[in-house]
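Here's a quick briefing for anyone meeting this structure for the first time. Have a look at the sequence and the fold, then read on.

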Amino acid sequence: MDYYIKTFSELSTKEFYEIAKLRIAVFVVEQTCPYQEIDTYDEQAVHTWLQEGQTIIGYTRIIDQGSTVTFGRVIIRPSHRGRKLGNQLLEKTLAVIKTQMPDKPIVISAQAYLTDFYAAYGFVPVSDVYLEDDIPHIRMRKEKQ
């Protein structure tokens with residue numbers, strides 16, 4: 001399994017197409033949540049993904065927000081779930097942040113059911129649960145690494 005880290009301008013058309021296809025399949029179709037999945041943050045994000053052969057099986061995007069950094073669009077392909085790949089993807093994402101943006105706290109908008117998952121990596125809730133695109137979310141923060 002390979003791990004890739006690229007800026008928007010470094011992505012090939014095929015890579016961005018495969019990333020977008022996976023994100024839409026899960027976040028729009030599987031979660032029945034119609035919203036603008038491709039947005040302006042894609043152009044400024046660092047895109048990271050796990051790939052097995054020619055198949056992207058996990059993805060995150062990292063966004064430098066100035067005084068903080070965030071990551072989102074955390075996804076594991078449905079056919080590859082249950083193999084702890086989410087842990088591997090998160091660990092690699094945090095390693096990229098530690099290397100590229102080491103002095104910044106990380107603030108994320110996590111789906112509320114994943115609070116314990118992110119807490120295991122040092123994230124603490126800093127908000128009440130709120131709806132984002134009709135899905136319960138919670139803001140979480142991890143101090144600089």
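This is a predicted model: local features need pLDDT of at least 70, side-chain atom pairs count only at pLDDT 80 or more; totals for chains, interfaces and linings use all residues.

Residues are numbered from 1 along each chain as its sequence is written, and side-chain values use heavy atoms, with hydrogens and water left out.

**Aromatic pairs**

- You'll find seven aromatic pairs here; rings of Phe, Tyr and Trp (its six-membered ring) pair if their centres lie within 6.5 Å, and planes under 30 degrees apart count as stacked, over 60 as edge-to-face and the rest as tilted.
- F8 and F16 make an edge-to-face pair, because their ring centres sit 5.5 Å apart and their planes meet at 80°.
- F71 and F123 are also an edge-to-face pair, with 5.9 Å from centre to centre and 80° between the planes.
- That pair ties together parts 52 residues apart in sequence, because F71 lies in strand β4 (residues 69-76) and F123 in the loop between α4 (115-119) and β6 (124-125).
- Helices (H or I, at least four residues) and strands (E, at least two) are DSSP runs, numbered from the N terminus.
- Ring pairs also join F71, F117, Y118, Y121 and F123 into a cluster.

- Buried means under 20% relative accessible area, exposed over 50%, and partly exposed in between (1.4 Å probe, protein chains only).
- F71 is buried at 5%, and F123 is buried at 1%.
- F8 comes out as partly exposed, at 31% relative accessibility.

**Nonpolar cores**

- A nonpolar core is a set of buried Ala, Val, Leu, Ile, Met, Phe, Trp, Tyr and Cys residues joined through side-chain atoms within 4.5 Å.
- The largest one has 17 residues, and I62, F71, I106, I108, Y118 and F123 touch the most other members.
- A second, separate core of 11 residues includes L11, A20, L22 and V26.

**A look at T7**

- T7 is in strand β1 (residues 2-7), and T7 is partly exposed, with a relative accessible area of 31%.
- Leaving aside neighbours within four places in sequence, T7 is in contact with A45 and H47, where contact means heavy atoms within 4.5 Å.
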